[in-house]
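Subject: Structure for your review

Hello,

Here is the structure you asked for. My notes follow below it.

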Amino acid sequence: MNIILCGFMGSGKTVVGRALAKLMGRKFMDTDEMIESEKGIAIKAIFAVHGEDYFRQLEYECCKKIADCEKNCVVSTGGGAMTFQRNVDVIKRNGKVVFLDADFDVICDRIGNSNTRPLFRDREKAKQLYDERKAKYLAAADFVVDGNMSAMKTAMQIASFFKQS
């Protein structure tokens with residue numbers, strides 16, 4: 001069974017995912033990295049050139065591929081992936097979803113004034129999106145973990161969930 005990490009951008013999905021995979025001796029996968037690798041261009045460019053609908057279709061195909069082909073992996077999903085029910089439905093065929101619940105202030109501290117996160121140029125809009133997505137993450141989640149902790153503490157907590165079950 002795969003461990004699927006979801007949460008808002010800056011919640012630590014990739015950093016925690018890599019640490020968790022190492023802790024548990026599992027392969028690590030990142031849906032955004034998979035899409036970029038397959039298409040040969042950055043997510044930002046896919047949005048700019050082809051639009052969000054095209055990207056969301058690629059994301060859905062990626063979720064299907066993971067559900068159908070991968071076993072016992074740790075998967076970091078893009079910030080919007082688990083806000084779409086079709087992605088949740090397909091990924092849960094072979095995975096449990098863990099929501100990294102980080103406070104918005106903590107996320108802002110982690111991201112800083114990064115130019116790689118265009119949505120954070122307008123903090124008010126970012127906060128609105130965060131609030132909208134949180135309920136969807138909670139609905140998708142099999143487990144919720146405190147995303148405000150260090151990546152290693154978070155990874156250790158997630159590992160303990162899965163060692164018990």
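In S3, the bridge partner of Asp30 is Ser76. This is a predicted model, in which local features need pLDDT of at least 70 and side-chain atom pairs count only at pLDDT 80 or more, while totals for chains, interfaces and linings use all residues. Residues are numbered from 1 along each chain as its sequence is written, and side-chain values use heavy atoms, with hydrogens and water left out.

Strands

Helices (H or I, at least four residues) and strands (E, at least two) are DSSP runs, numbered from the N terminus. Two strands pair if DSSP finds at least two bridges between them. Strand S2 (residues 27–30) runs parallel to S3 and is joined to S3 by four bridges. S3 is also parallel to S1, with three bridges between them; here Ile4 has Val75 in S3 as its bridge partner. On its other pairing, S1 is joined to S4 by five bridges, again in parallel, and Ile4 stands opposite Val97 in S4. S4 in turn pairs with strand S5 (residues 143–146) in the parallel sense over four bridges, where Asp101 has Asp146 as its bridge partner in S5.

Burial is given by relative accessible area: buried means under 20%, exposed over 50%, and partly exposed in between (1.4 Å probe, protein chains only). Six of the seven residues of S4 are buried, so S4 is largely enclosed by the rest of the structure. In a regular strand the side chains alternate between the two faces of the sheet. In S3, Cys73 and Val75 point one way, Val74 and Ser76 point the other way, and all are buried.

Most residues other than glycine have a negative phi. Asn72 counts as partly exposed, at 39% relative accessibility.

Aromatic contacts

Rings of Phe, Tyr and Trp (its six-membered ring) pair if their centres lie within 6.5 Å; planes under 30 degrees apart count as stacked, over 60 as edge-to-face and the rest as tilted. By this rule there are six aromatic pairs. One of them is Phe8 with Tyr130: the ring centres are 5.5 Å apart and the planes are at 90 degrees, so the pair is edge-to-face. Phe8 is in the loop between strand S1 (2–6) and helix H1 (13–24) and Tyr130 is in helix H7, so the pair ties together parts that are 122 residues apart in sequence. Phe8 and Tyr130 are both buried. Phe99 and Tyr137 form a tilted pair, 5.2 Å centre to centre with 35 degrees between the planes. This pair links Phe99 in strand S4 to Tyr137 in helix H7, 38 residues apart. Phe8, Phe104 and Tyr130 form one aromatic cluster.

Cavity

A cavity is a set of points, on a 1 Å grid over the protein atoms alone, where a 1.4 Å probe fits but cannot get out; lining residues have an atom within 4 Å of a point. The structure holds one cavity of 30 Å³ or more, and the largest cavity has a volume of about 40 Å³, where grid points are joined across faces, edges and corners and a volume is the space filled by probe spheres set on the points. Among its lining residues are Phe8, Phe99, Tyr130 and Tyr137. Strand S4 (95–101) and helix H7 (123–140) each supply at least two residues of the lining.

Regards

Note on methods
On a 1 Å grid over the protein atoms alone, a cavity is a set of points where a 1.4 Å probe fits but cannot get out, and a pocket is an open set with protein on both sides within 12 Å along at least five of seven lines; lining residues have an atom within 4 Å of a point.
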